[in-house]
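Please open the model in a viewer and keep the selection tool at hand.

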Amino acid sequence: MKLDREKINVAMARKSYNITKLAKAYGASPQRMRTILNSRKVSTVTVGKLAEALGCDVTEIIEG
């Protein structure tokens, strides 16, 4: 799956999250979170965990 970075930024803004806060909610380091967000493709598990950390539906943060 491919993440939509702009949609993720909107979801982060709704929760007043920066990379550090998102990484903490996700359970990863800020460096790892940057790697995830900049990846071309991510697993469905990663998308699910990211959506959960952002408090949104998976469809809100993927392309398409």
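This is a predicted model: local features need pLDDT of at least 70, side-chain atom pairs count only at pLDDT 80 or more; totals for chains, interfaces and linings use all residues.

Residues are numbered from 1 along each chain as its sequence is written, and side-chain values use heavy atoms, with hydrogens and water left out.

Select residues 19-26 for α2 and residues 30-37 for α3: the two helices pack at an angle of about 95°, with their axes 8 Å apart. Helices here are DSSP runs (H or I, at least four residues), numbered from the N terminus. Axes are lines fitted to C-alpha atoms over the stretch in contact, and angles run from 0 to 180 degrees between N-to-C directions.

Next, display the side chains at the contact (heavy atoms within 4.5 Å). From α2 come Ile19, Thr20, Leu22, Ala23 and Tyr26, and from α3 come Pro30, Met33, Arg34, Ile36 and Leu37. By class, this contact has eight nonpolar, one polar and one charged residues. Ala, Val, Leu, Ile, Met, Phe, Trp, Tyr, Cys and Pro count as nonpolar, Asp, Glu, Lys and Arg as charged, and the others, Gly among them, as polar.

**The nonpolar core**

Now select Leu3, Met33, Leu50, Leu54 and Ile61, which touch the most other members of the largest nonpolar core, a set of 20 residues. Such a core consists of buried Ala, Val, Leu, Ile, Met, Phe, Trp, Tyr and Cys residues joined through side-chain atoms within 4.5 Å; buried means under 20% relative accessible area, exposed over 50%, and partly exposed in between (1.4 Å probe, protein chains only). Helices α1, α2, α3 and α4 each supply at least two residues of this core, and α4 gives the most, with five.

Centre the view on leucine 50. Leaving aside residues up to four places away in sequence, leucine 50 touches Leu3, Ile8, Leu22, Tyr26, Met33, Leu37 and Ile61.

**A salt bridge**

Which side chains meet in a salt bridge? Select glutamate 60 and arginine 14, which pair at 3.4 Å, N to O; the term requires a side-chain nitrogen of Lys or Arg within 4 Å of a carboxyl oxygen of Asp or Glu. Glutamate 60 lies in the segment after α4 (44-54) and arginine 14 in α1 (residues 5-14), so the pair ties together parts that are 46 residues apart in sequence. Glutamate 60 is partly exposed at 35% relative accessible area, whereas arginine 14 is exposed at 57%.
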